[in-house]
Amino acid sequence: MLETPCIRQYSFTVTPQGDNVAMISENLCGAVNQQERPGAEQWAVGFVDGEGCFSISVVRNPGSRFGWQVQHEFAVTQAASSRPALELLQEVFGCGRIIEQHRPVDHRQVLLRFSVKRRSELVDRVVPFFEANPLRTAKRADFEQFAQVLQMMQAGVHLSEDGLRAIASITETMNRRQRSRYLESSETIRQPSRTTAR
Amino acid sequence: MSSDNPSGAVNQQETAESLELDAHWVVGFVDGEGCFNVSLHRNPFIRSTRNWQIQAVFHVYQHQAHRAVLEALIPFFGCGVVRRKGPKSSVLTYAVSRRLDLEQRIVPFFEHHQLVVKGPDFRAFAEIVRALGRKEHLTTAGFERLVRLAYGMNAQGKRRARTLEEVLVGSSETVRQAPSLFDGR
């Protein structure tokens, strides 16, 4: 079966009239297309379970309300040869961009990053997707905290300093469990919050 | 399945059986964390191929904190073991190294469910697994073909400890083979 690189595949599409029509499609080696790939959504879940990253960080931004800003990103980073996989993710999620970045050590090595940062896209597409198609590894815990923070932001929690602190506390329990620079910054120490910090 | 834990933590007591894996999910996960590996070892007991042994192994890697998903691959594929990547490593691997399991279970599965990222490496892997079953590696030409195939996989063999020439020509004590063996790849 795999001796010939071009594999004929059948896929069914529904015409506007609602009839099921069998279509023969050429699957050129490497070509991936959500329409020709039943199970693309579960594939995306598995791929993200392995390679995905849900990150929230509170970063310094002098122009922001309190001098600090919440950044959120759903990303998958791969070597350049895996571009078809990232393009399939774009199709499945219906959003996100693919950005080139260079490896810090070896500048000749190009990495590609599928990235969704816009809060509306995260809230309208990414979060509902993983609520309908749950992750199966421990990455689910990171996703749930990611979704929780986004929900808090939709409710305007980040617009108060206490809310910002609460969000920063959550970031300390996610991913690599690093201390939040915001929580350690002089501003927050000078203004003790009513809630216990850590 | 998992309980509704308010802190969001996935229940680590989940047994492998309760993690029923979807085939397409497995393909995606392998596209991310899997590795189709063909390695070459020196084995003094194998004289037919000048002490070189070709070993095909299918790996899926994961941090030890989340071993449940690796263990779920064992009932899913009906073969394989979960072990530590290295003596001091915190990474675990689900590994299938029995050639018959590779040929009868792993290879057919990925021929049925196409990989998006690892397709080319898998195809070389499948070819090598089948050729080993046909004992093609026992002839000089067959051995060389499989070694070249292996060196074409996984970043073009750049991460291998030995160069292609070292493997094909062998140590300096062995008799130099016909010139065709090193036609400058």
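In this predicted model, B:K85 sits over the face of B:Y61, at 5.5 Å from the ring centre.

| Charged residue | Ring | Distance to ring centre |
|---|---|---|
| B:K85 | B:Y61 | 5.5 Å |

Let us turn to the strands. Chain B has an open sheet of four strands, with antiparallel pairing and the order β1-β2-β4-β3. β1 (34-42) and β3 (81-84) of chain B are the edge strands; each has a single partner, so one side of each is left without a neighbour in the sheet. From one strand to the next, the twist averages 40°.

Within this sheet, strand β2 (residues 52-63) of chain B runs antiparallel to strand β4 (residues 91-96) of chain B, and six bridges join them.

Helix α3 (residues 99-112) of chain B lies across β1, β2 and β4 of chain B, at about 55° to β2(B). Helix α5 (residues 140-151) of chain B also packs on the sheet, where it touches β1 and β2 of chain B. The direction of α5 makes about 25° with that of β2(B).

Helix α2 (residues 67-77) of chain B has a set of buried residues: B:A68, B:V69, B:L70, B:A72, B:L73 and B:F77. The cover over them includes α1 (23-33), β2, β3, β4 and α3 of chain B. Just after α2(B) comes B:G78, with a positive phi of about 75°.

B:F77 is also part of an aromatic cluster, together with B:F36, B:F58, B:F76, B:Y94, B:F109, B:F110, B:F122 and B:F125.

**Chain A: an aromatic pair and a strand residue**

Over all chains, the structure holds 28 aromatic pairs. One of them is formed by A:F74 and A:F114, in an edge-to-face arrangement with 6.0 Å centre to centre and 85° between the planes. This pair links distant parts of the chain, 40 residues apart: A:F74 belongs to strand β4 (residues 68-79) of chain A, and A:F114 to strand β6 (residues 110-116) of chain A. A:F74 counts as buried because its relative accessibility is 0%, and A:F114 is buried with a relative accessible area of 0%.

A:V59, in strand β3 (residues 52-60) of chain A, is partly exposed, with a relative accessible area of 24%. Leaving aside neighbours within four places in sequence, A:V59 is in contact with A:G67, A:W68, A:Q69 and A:Q71. A:V59 and A:R181 are 122 residues apart in sequence, yet their C-alpha atoms are 7.7 Å apart in space.

**Confidence in chain A**

Among the elements of chain A, helix α3 (residues 119-132) has the highest mean pLDDT (97), while strand β2 (residues 20-27) has the lowest (35). Over residues 1-31 of chain A, pLDDT stays under 50. For that stretch the model has 45 contacts beyond four places in sequence.

How values were computed
Residues numbered from 1 in each chain as written. Chains lettered and ligands numbered in written order. Predicted model: local features only at pLDDT ≥ 70, side-chain atom pairs only at ≥ 80, totals over all residues. Heavy atoms only, no water. Pairing = 2+ DSSP bridges. Helix = DSSP H or I, 4+ residues; strand = E, 2+ residues; numbered from the N terminus. Axes fitted to C-alpha atoms, helices over the stretch in contact; angles between N-to-C directions. Contact = heavy atoms within 4.5 Å. pLDDT = per-residue confidence, 0-100. Phe/Tyr/Trp six-rings, centres within 6.5 Å; stacked < 30°, edge-to-face > 60°. Buried < 20%, exposed > 50% of the residue type's maximum accessible area, 1.4 Å probe, protein only. Lys NZ or Arg CZ within 6 Å of the ring centre and 35° of its normal.
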